[in-house]
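Hi everyone, thanks for coming. Today I'd like to talk about aromatic rings and how they pair up. Please have a look at the picture first.

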Amino acid sequence: MTKEEILALTDLFLTGLEKLGPRISQLAQKGEISIQQQSDLIARMSEIGSATAFTDPAWQPEAKS
Amino acid sequence: MKSKNLILLLLFAFAAVFTGCQSTLDKSGPYAGDQILYNADQTIATAYDVLDTFVHWEKANQSSLPKSVHDSAEKIRVNAPGWFKSATNLRKAYVAEPTPENRLKLSNAVGILRTALTEATGYLIENNARTSALALPGSFPAL
């Protein structure tokens, strides 16, 4: 994918920002994010760092013979 | 509808990572103007959501996808837990001690995640039409 295609997709997406909830709205605020949004991000990273984040079968590599 | 959701997911990922990199943070905000830390948080969270979607999608559609997609998914399955662990640990180190050295280490770790995110997104876009629908991760906003 070229940089131009990425930018085109991003432009297309930004036209529909209002419909996509609080995580998106922070992008529309030109970086002025709230403490709540920061807390949400940190909580999300905590989930990612938890023992269960990669235990789903879809995350298991094929066994090598 | 599922395809529409997938495209929106991918657009979200691009916007979150690339728009986030271009914005200017308020110095009085919770990140105190620290763009590096904000970009790291945004990229870590977004990369997990997209890579999680990617490995589920690849597993569900393995028989109809090119080998290159499978190889990419396997690489992510093997390495991504370490990438995320490294990024989150380096984030903690940077928050505790925001030195130029720690900033560089964090930026490099985030760069690895961003590369994987871009690769996975590219495969999803290229191959979405030939695969069955996939569910969005629960963390994504309702569409």
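Let's start with a word we'll need: buried means under 20% relative accessible area, exposed means over 50%, and partly exposed is in between, using a 1.4 Å probe and protein chains only. This is a predicted model, where local features need pLDDT of at least 70, side-chain atom pairs count only at pLDDT 80 or more, and totals for chains, interfaces and linings use all residues. Residues are numbered from 1 along each chain as its sequence is written, chains are lettered from A and ligands numbered from 1 in the order in which they are written, and side-chain values use heavy atoms, leaving out hydrogens and water.

So, is A:Trp59 buried or exposed? With 1% relative accessibility, A:Trp59 counts as buried. B:Tyr48 is buried too, at 10%.

Now the pairs. Rings of Phe, Tyr and Trp (its six-membered ring) pair if their centres lie within 6.5 Å; planes under 30 degrees apart are stacked, over 60 edge-to-face, and the rest tilted. How many aromatic pairs does that give over all chains? The count is 8. In one of them, A:Trp59 and B:Tyr48 have ring centres 6.1 Å apart and planes at 10 degrees, so they are stacked. A:Trp59 sits in the segment after α3 of chain A and B:Tyr48 in helix α2 of chain B, so this pair joins two chains.

Next, B:Phe54 and B:Tyr123: their centres are 6.3 Å apart and their planes at 15 degrees, so this pair is stacked. B:Phe54 is buried at 0% relative accessibility, and B:Tyr123 is buried at 18%.

Finally, A:Phe54, A:Trp59, B:Tyr48 and B:Phe84 make up one aromatic cluster.

Note on methods: Helices (H or I, at least four residues) and strands (E, at least two) are DSSP runs, numbered from the N terminus.
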